[in-house]
Amino acid sequence: MITQTLSLEDRIAARPGDFRVLTGDRPTGPLHLGHYFGTLRNRVRLQQSGVDLVVVVADYQVLTDRDVAERLVPTVEGLILDYLAAGLDPDRATIFTHSAVPALNQLVLPFLSLVSVPELQRNPTVKDEIAHSRQSSVSGLMFTYPVHQAADILFCKGNLVPVGQDQLPHVEVTRTVARRFNERYGPVFPVPEALLGTAPLLLGTDGTKMSKSRGNAIALSATADETARLIRGAKTDADRHITFDPQARPEVSGLVQLAALCLDQDPHEVAATIGAAGAAALKRTVTEAVNEFLAPMRARRAAYAQEPGLVREVLRTGNARANAVADQTLQEVRVAMGTLY
Ligand code: TRP
C-alpha cells in the first residue's frame, strides 16, 4: 500500500496536469484541526502543485443527517470561510455545492441502475453510519449516497480522490460504476484511484478521535480563549512525567501529537522537552502551539467574513464552472446511451 501511495505521489509531482482531484465534505459544522491535518493541508498542497482541484460541498448528502439539515445555509457559508482561511484559492480550485449542479444529480439515475441492492447493503461505512444514527428508520438517500458520491466524482471525470480509510468503500463503488458504465455504453469515465492520506489520526482533548460531535475538537474558527479553555479541560493521566506513547497513554499522547503537528516537530521531542514538568506544562505548550499555528488562519478568516458577498461569489463562480463541466459530461452520457432526442 505504501509503495503504491509513493509512486502515485511521484506521478503527481512529475505530471500534475494529468490529474483531476475531486474531494469534498459534508457541511456538518465548523472544520477543526483534525480536518486540517487530515485533508485540508493536503488539498492546499495539491492545489499548489498544479493539480486541477475540484471540491464538492455535499449539501444533499448531508440531508442523511436531520439535525444538520435545519441549519444548512450558515453551515455551508462557514465551511467556505474555513476553506479560504486554510488556503484553498477559488481562482485555482473549483469549489461548488452539488445541489446547484442539476446535470451532476441526473447522473445518479443511470448510475443507480448499475448497482444492486445487496451491493448497497454491504457497504461497511454506510452500515456503520446506520448503526450510529439516532434515526428510527433508514432513508433511501442514506442507502444510495455512495452512488451519489460516484456522481460527485465522475461528473468532472475526477481520476484521483484523496480520502481517509472510511471513504475507501465509496471510491470502490465509484470504480464499479465507472467500469460498468463503460462496459455497457462505451468509454466515458476514468476509473478513479484513491489517494490515502498519511497523516496520523488526530485525537481530541479526551484522547479519542477528534470529532465535532464528541465536543473534543478544536475548530479552526474558535477564538484563542475558547481554545485555551478546551485544552485546559483536556483529560490527562496520573503520571506526571510526559511521554509520547499513544497505546498506553492516549490522552497525554494526543495532546503531545497536537503540539507536535502545530510546531512541526517530532512528538517524542516535544514530550522530552516537557518531561517532568507535568500536565499543566503540557497544556500550556499545546495551547500556545495551537493558538500560534492558527492565528494567521483565524485572521484571514475574520477578514474574509467581513467582505460582504464574498462567500456567495465564490459559490456562484464555482457552481457555474461545475455546471459547464457537468453539462458536457451529461451530453457525452446521452450520446453513449443513445438517449439524444
Ligand atoms: N462522504 C464524504 C464525507 O463525508 C464527503 C463527500 C461527498 C466526498 N462527495 C464526495 C468525498 C466525493 C470525496 C469525494 O466526508
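Strand β2 is largely enclosed by the rest of the structure, because 5 of its 6 residues are buried. The model is a predicted one. The chain reaches β2 from β1 by way of helix α2 (residues 33-48), and this β-α-β crossover is right-handed.

Now the strand pairing. β1 (residues 20-25) and β2 run parallel, joined by 6 bridges.

What does Val54 contact, leaving aside its neighbours within four places in sequence? The partners are Arg20, Val21, Leu22, Thr23, Thr94, Phe96, Phe155 and Cys156. For a sense of scale, take Ala260. Val54 and Ala260 are separated by 206 residues in sequence and by 30 Å in space, C-alpha to C-alpha.

Next, helix α7. This helix covers residues 124-132, and Thr125, Val126 and Glu129 are buried in it. Viewed down the axis of α7, the buried residues fall within an arc of 100 degrees, so they line one face of the helix. Which elements cover the buried residues of α7? The cover includes α8 (140-154) and α9 (168-185).

Last, the aromatic rings. The structure holds 8 aromatic pairs. One of them joins Phe111 and Phe189 edge-to-face, at 5.5 Å centre to centre and with 75 degrees between the planes. This pair links distant parts of the chain. Phe111 sits in helix α5 (residues 102-112), while Phe189 sits in the loop between α9 and β5 (193-196), 78 residues apart. Both Phe111 and Phe189 are buried. Phe189 also pairs edge-to-face with Phe181, at 5.2 Å centre to centre and 75 degrees between the planes. Phe181 is buried, with a relative accessible area of 0%. Phe189 has 6% relative accessibility, so this residue counts as buried. Ring pairs link Phe111, Phe181, Tyr185 and Phe189 into a cluster.

Note on methods. Residues are numbered from 1 along each chain as its sequence is written. This is a predicted model: local features need pLDDT of at least 70, side-chain atom pairs count only at pLDDT 80 or more; totals for chains, interfaces and linings use all residues. Side-chain values use heavy atoms; hydrogens and water are left out. Buried means under 20% relative accessible area, exposed over 50%, partly exposed in between (1.4 Å probe, protein chains only). Helices (H or I, at least four residues) and strands (E, at least two) are DSSP runs, numbered from the N terminus. The arc is that of the directions from the helix axis to the C-beta atoms. Contact means heavy atoms within 4.5 Å. Two strands pair if DSSP finds at least two bridges between them. A crossover is right-handed if, with the strands pointing away from the viewer, the path from the first strand over the helix to the second runs clockwise. Rings of Phe, Tyr and Trp (its six-membered ring) pair if their centres lie within 6.5 Å; planes under 30 degrees apart count as stacked, over 60 as edge-to-face and the rest as tilted.
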